Amino acid sequence: MIRGILIGVLAIAIAGTAYWGYQEHQEKNAVLLNAENNYQRAFHNLTYRMDLLNDKIGTTLAMNSRSSLSPSLIEVWRLTSQAHSDVGQLPLTLLPFNKTEEFLANIGNFSYRTAARDLDKEPLSEQEYETLKSLYKQSGQIQSELRKVQHMVLKNNLRWMDVELALASGKENTDNTIIDGFKTVEKTVSGYEETAQGLTLTNLQKKDENYKKIKGKSITKQEAADIAKKYMKIDDNADVKVTKNGKGSDYGFYSVSVRNNQTGQEASMDITKKAGHPIWFMNNRPIDKQAISLNDANNKALAFLKETGFKDLETFESFQYDNVGVFNFVTTTNGVRIYPESVKVKVALDNGDIVGVSAEDYLKSFQTRNLDKPTITLEDARKKVNPNLKVMEDRLAVVINDLNEEVLCYEFLGTMGEDTYRIFINAKTGMEEKVDKLKNAENMYEGVL
Amino acid sequence: MLKKPILINLLILSLLITPIPFVKTNQVQAFSGQVIQHGAVGTDVIELQERLKHLGFFTGTVDGVFGWRTYWALRNFQYEFGLPIDGMAGPNTKAKLVKASKNYKAGNNSAAKPNAKPQAPAKKPTAANTPAGFSQNDIRLMANAVHGESRGEPYIGQVAVAAVILNRVQSASFPNTVSGVIFEPGAFTAVADGQIWLTPNETSKKAVIDAINGWDPTGEALYYFNPATATSGWIWGRPQIKKIGQHIFCK
């Protein structure tokens, strides 16, 4: 009797499990298929767009009339950005697939720069035509390589999920058509890299990325620790550790970290090896209730920067986040604001301690500048601004424009409707270099943060 | 069981704390002694906005954040009343403002009987500063990724992970949106194994804001890996910049 019941129960359990397992299996397959389809879509979109891109660059080369050149370059720009986003969706991050993405970014930059320019006044130069030609050739190569991969994928019914599995398990060496195909694409691009990028592309790299403009003697580890002492309060309980940068860094720096043995609190900073400038500093300590105002904190931050050797700074932005104040200071020389030279400082609002400094931008753009005189007057520049804007403030400023060049501008700060805008008019050509809509505080949504 | 007394204590504490600004400041009625400047957040800003609104200078929503509209309203007020126009509410400006807006009551009312009106609990800032170009939701998404990837790391290590995400957005070799970078297949293990959907803590949110505001402890790294768990041999070939916590950061 009991045996019969047991068998019955077990039989039902087995049947139930089988049914459940089948359901799970179905669901898993559905999900896998979905993911697979997303990859497939991104891949086929990519090849399609590379086709279009190649065609479009080709027709652009053939064009002569300026009026059709601009729209066509804009089209190229749009296609590159879409292709770029398609590449980003493919599971290839563990493969060195960066060159292709860089290639896309290069075409994007080139087409944007040329399309945004007034081609009537400044037509494409010989050099730029050469660049465009080589970009055309490259895109053709990539297109045909991608075509090959696409053909294999379709013919053999290859699945992207297998690629992901192969990459995840580290078995990249096994024969995988997709991976091999993309490696070939990558090789094609890097082969061109040296020769193809003419003058117009190389100077796209902005700023002094490696702090080459910094002058001065190299400092020692001990000196680095001494400099760090100015930033953090080092007492007897503290454990000071100085490490050199790794081999992969483009510039030399020391990382100093100070750890208070009793509280376990830690402050760290990076200092350039050359001349010992602070790159960033950060002290992570719990911050109590606000006791000083944002304004007091602002003054403390300014005084601190003066003490540590930054000159001619003025407050550009100030923000309060809970109980810390974050300030952005920029250099002002003879009343001209140098926006690229900015230093950010974080101040704890409980006692006014400096808990963070970031001078990366400052160090990258710091140099002795010969500021030219503006060639157009303030009134002329004012006329270039949208007449609906109610101008409240104006000044001279140096900014980096879309083409990554430093330009002297008239800055106008004004309101239109409920919004505040910051507008930069080139002080030489009268061109509108930049229009920024300034951000308003964002309403808090319950429970989001 | 344990939580209740704490909650009650907190309630009592918060009741004790809130009236302080009103007690301290007899000379200029409700304002505290601080100079209020652009970017400030808090009850003083609410009062500033309410008083300026009362006088018709400020037309926006009273949200407790000193933004651009408050700034222009204050400057207009300073202009009309012959004060030096600096856009900061210092002692002179505040005194003039209090005098000019005598009929304004809200601040005093809520101080006297905090629980009398339904309005009273709303006396907290209802908006927040966010770094330009990022919404609170963007920050939350990044905080999710940072928390999932590096919650066991020191604070600097969390800022570093957030900085890598931002460096990738800037880099030509990666997608150019935050969400694109985070959800790039295979880019972050926390995304692949679902840890990104754990609820992030305050620390990761702070780390994200620091990174957005310009702190990059990594020396412009684009990759990082944990040497103890890295599965791909390829990542070891990248030029290494430095080590923070358990992670090695590389180009």
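1. The point to begin with is a link between the chains: strand β13 (residues 442–443) of chain A and strand β1 (residues 127–128) of chain B run antiparallel and are joined by two bridges. Within this pairing, A:Glu442 has B:Ala128 of β1(B) as its bridge partner. Strands here are DSSP runs of E with at least two residues, helices are runs of H or I with at least four, and both are numbered from the N terminus; two strands pair if DSSP finds at least two bridges between them.

2. Some conventions apply throughout. This is a predicted model, in which local features need pLDDT of at least 70 and side-chain atom pairs count only at pLDDT 80 or more, while totals for chains, interfaces and linings use all residues. Residues are numbered from 1 along each chain as its sequence is written, and chains are lettered from A and ligands numbered from 1 in the order in which they are written.

3. On confidence, expressed as pLDDT (the predictor's confidence in each residue, from 0 to 100), chain A has a mean of 80, and 88% of its residues reach 70 or more. Where pLDDT is low, the predicted coordinates should not be read in detail.

4. The contact between the chains takes 56 residues from chain A and 57 residues from chain B, two residues being in contact if their C-beta atoms, placed from the backbone, lie within 7 Å. On the side of chain A that touches chain B, strand β5 (residues 313–321) of chain A gives the largest share, with five residues. That side of chain A divides into 19 nonpolar, 24 polar and 13 charged residues, where Ala, Val, Leu, Ile, Met, Phe, Trp, Tyr, Cys and Pro count as nonpolar, Asp, Glu, Lys and Arg as charged, and the others, Gly among them, as polar.

5. Chain A is divided into domain 1 (16–202), domain 2 (208–274), domain 3 (286–367) and domain 4 (378–437), with bounds that come from an automatic or database domain assignment. The centres of domain 2 and domain 3 of chain A, taken over C-alpha atoms, are 20 Å apart, and eight residues of domain 2 are in contact with seven residues of domain 3. The side of domain 2 of chain A that touches domain 3 has three nonpolar, one polar and four charged residues.

6. An unreviewed UniProt entry places the feature "domain: PepSY" at residues 376–430 of chain A; such annotations may be inferred rather than shown by experiment. This span is 13% helix and 55% strand, and its end C-alpha atoms lie 7 Å apart. A:Thr429 is in the loop between β11 (419–426) and β12 (432–437) of chain A, and A:Thr429 is exposed because 12 other C-beta atoms lie within 10 Å; a residue is exposed at 12 or fewer such atoms, buried at 20 or more, and partly exposed in between, with C-beta atoms placed from the backbone.

7. Two residues other than glycine have positive phi values. A:Asp312, with phi near 55°, lies in the loop between α9 (294–307) and β5 of chain A and is partly exposed, with 13 C-beta neighbours inside 10 Å. B:Glu220, with phi of about 65°, lies in the loop between α11 (202–212) and β2 (223–225) of chain B.
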